[in-house]
Amino acid sequence: MEKLKFLFCVILCIFVSLTNAQADRRTLSIAVGWDKPPYVMSDAQSGYEIEVISDVLTILGYEAKFIPIPYGRSYDILFNSRFDAVTTLSHKVKIEGVYLSSVYIEYQNVAISRRALNANIDKISDLAKYSLVAFQNAHRVLGFEFGEMTLSHKQYLEVPDQARQVRLLLTGKMQVIVMDINIFRYLHNQIIPQAEQQAVTIHPVFPINGYRMGFSNEALNDEFNEAFAIYRKTKQFLRLQQKYNLHNQLGAAQISKD
């Protein structure tokens, strides 16, 4: 009987310890833009960016709960009890009361036209000659020159659904689109069968854009930066880039026009 009592106490202690450990593992609510594969997919449940953030927060002992929102709202959200952080923010847009992390992901935005158009686009100002559709907030994050150009552009449009951008281009309803090269290649392959794909020209007129996490808590931001600095040197980080076949990510080679 005494042995049974002792065994019961041991099991009880183990159960209490595991319960406390789970309780100590805090869940962070993170606002993330709508699907933009291969970075964010399946209602923010998978994708390269989702996995990177999850891995880094796991190092810190946190679990991430991703809440999809329109990307256009990312810069306007007031941090409250609902969100601990927001993904994919640019340092070019100032937000009061938000602590921006170091760069954890890079997007290579480009202009893309159908090759049949024979578009002559070597610099940002050349985009003014063509009907143009970009992602939400492009006028805010792609630099002053691009933002100024969009103010007077009569055929400029921003849409939240990037698959729609690709369709507008391939159907000829818009002459040029502006989006990340990895997103375009993924969506192009998803929307159009390989045998039916139209030839396109890539115009690399934008510099690489580094994006950051935005935290409501400065200490948490500092923790994220320290953990990411360690994580980016791991094999897991390299495997993720290979898994999603990313063309340009934190130092990868520059893209070509074809």
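Predicted model: local features only at pLDDT ≥ 70, side-chain atom pairs only at ≥ 80, totals over all residues.
Local features are given where pLDDT is at least 70 and side-chain atom pairs where pLDDT is 80 or more, while totals for chains, interfaces and linings use all residues. Residues are numbered from 1 along each chain as its sequence is written, and side-chain values use heavy atoms, with hydrogens and water left out.

**Strands and sheet**

Helices (H or I, at least four residues) and strands (E, at least two) are DSSP runs, numbered from the N terminus. Two strands pair if DSSP finds at least two bridges between them. Strands of a sheet pair through backbone hydrogen bonds, either parallel or antiparallel.

Five strands form an open sheet in the order S7-S6-S8-S5-S9, and the pairing is mixed. Strand S7 (156–159) and strand S9 (200–203) are the edge strands, each pairing on one side only. On average, neighbouring strands of this sheet are turned by 25° against each other, direction ignored. Strand S6 (residues 132–135) runs parallel to S7, and four bridges join them. Within this pair, Val-133 stands opposite Leu-157 in S7.

Strand S1 (residues 27–33) is joined to strand S2 (residues 63–69) by seven bridges, and the two run parallel. Gly-33 has Ile-69 of S2 as its bridge partner. Six of the seven residues of S1 are buried; buried means under 20% relative accessible area, exposed over 50%, and partly exposed in between (1.4 Å probe, protein chains only).

**Helices on the sheet**

Contact means heavy atoms within 4.5 Å. Axes are lines fitted to C-alpha atoms, for helices over the stretch in contact, and angles run from 0 to 180 degrees between N-to-C directions.

Helix H5 (residues 162–170) packs on the five-stranded sheet. H5 touches strand S5 (109–114), S6, S7 and strand S8 (176–180), and its direction makes about 150° with that of S8. Helix H6 (residues 181–191) lies across S5, S8 and S9, at about 110° to S8.

**Helix pairs**

| Pair | Angle | Axes |
|---|---|---|
| H2 and H8 | about 165° | 10 Å apart |
| H5 and H6 | roughly 70° | within 10 Å |
| H2 and H7 | about 110° | 9 Å apart |

Angles under 35 degrees count as roughly parallel, over 145 as roughly antiparallel, 65 to 115 as roughly perpendicular and the rest as oblique. Residues are classed as nonpolar (Ala, Val, Leu, Ile, Met, Phe, Trp, Tyr, Cys and Pro), charged (Asp, Glu, Lys and Arg) or polar (the others, Gly among them).

With axes crossing at roughly 70°, H5 is therefore roughly perpendicular to H6. Their contact includes Val-166 and Leu-170 of H5 and Phe-184 and Leu-187 of H6. By class, this contact of H5 with H6 has eight nonpolar, two polar and one charged residues.

Helix H2 (residues 48–59) and helix H8 (residues 235–243) pack at about 165°, and they are therefore roughly antiparallel to each other. Among the residues in this contact are Tyr-48 and Glu-51 of H2 and Phe-237 and Lys-243 of H8. The contact of H2 with H8 has four nonpolar, two polar and three charged residues.

H2 also packs with helix H7 (residues 218–231) at about 110°, so H2 and H7 are roughly perpendicular to each other. Their contact is made by Val-52, Asp-55, Val-56, Leu-57 and Ile-59 of H2 and Phe-224, Ala-227, Phe-228 and Tyr-231 of H7. These residues divide into eight nonpolar, no polar and one charged.
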